[in-house]
Amino acid sequence: MNHINVKQFGFAVGTTIAIIYLGCILVVSLMNIETSASFFNNLMHGIDANSIIRKTPMPFIEALIGVVEWFIIGWLMGALIALSYNFYNFKAKKQ
């Protein structure tokens, strides 16, 4: 691969992260608080999630805003990865 399309890669990473965030919302909404805390404690390698897990249901608008925010963050990360790859690949070819 010699060149990564920045917009397409950013979109792919943003979409992937938004889907993961939706999965997280689904997991938390289907489990009780204790099970959710245990699940996320296992994922976070020793960080106690009990004190940060929301005790009330997440409003739909907050979930939607979170999906959009994570998509934007993912898009920016993907675009930066693609730009970095293209830049350093171009420099390597010049040498």
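Mentor: Two rings of Phe, Tyr or Trp count as a pair if their centres lie within 6.5 Å, and planes over 60 degrees apart make the pair edge-to-face. Please keep in mind that this is a predicted model.

Trainee: How many aromatic pairs does the rule give here?

Mentor: The count comes to three aromatic pairs. In one of them, the ring centres of Phe11 and Phe71 are 5.7 Å apart and the planes stand at 75°, so this pair is edge-to-face.

Trainee: Which helices do Phe11 and Phe71 lie in?

Mentor: Phe11 belongs to helix H1 (residues 6-30) and Phe71 to helix H3, so the pair ties together parts that are 60 residues apart in sequence. Phe11 is exposed, with a relative accessible area of 51%, whereas Phe71 is partly exposed, at 25%.

Trainee: Why is the pair of Phe87 and Tyr88 called edge-to-face?

Mentor: A pair of aromatic rings is described by the distance of the centres and the angle of the planes. For Phe87 and Tyr88 the centres are 5.0 Å apart and the planes are at 80°, so the pair is edge-to-face. Phe87 is partly exposed, with 43% relative accessibility, while Tyr88 is exposed, with a relative accessible area of 55%.

Trainee: Is Asn86 buried or exposed?

Mentor: Asn86, which is found in helix H3 (residues 60-94), has a relative accessible area of 13% and is therefore buried, since buried means under 20%. Leaving aside residues up to four places away in sequence, Asn86 touches His3, Ile4 and Val6.

Definitions and conventions
Residues are numbered from 1 along each chain as its sequence is written. This is a predicted model: local features need pLDDT of at least 70, side-chain atom pairs count only at pLDDT 80 or more; totals for chains, interfaces and linings use all residues. Side-chain values use heavy atoms; hydrogens and water are left out. Helices (H or I, at least four residues) and strands (E, at least two) are DSSP runs, numbered from the N terminus. Buried means under 20% relative accessible area, exposed over 50%, partly exposed in between (1.4 Å probe, protein chains only). Contact means heavy atoms within 4.5 Å. Rings of Phe, Tyr and Trp (its six-membered ring) pair if their centres lie within 6.5 Å; planes under 30 degrees apart count as stacked, over 60 as edge-to-face and the rest as tilted.
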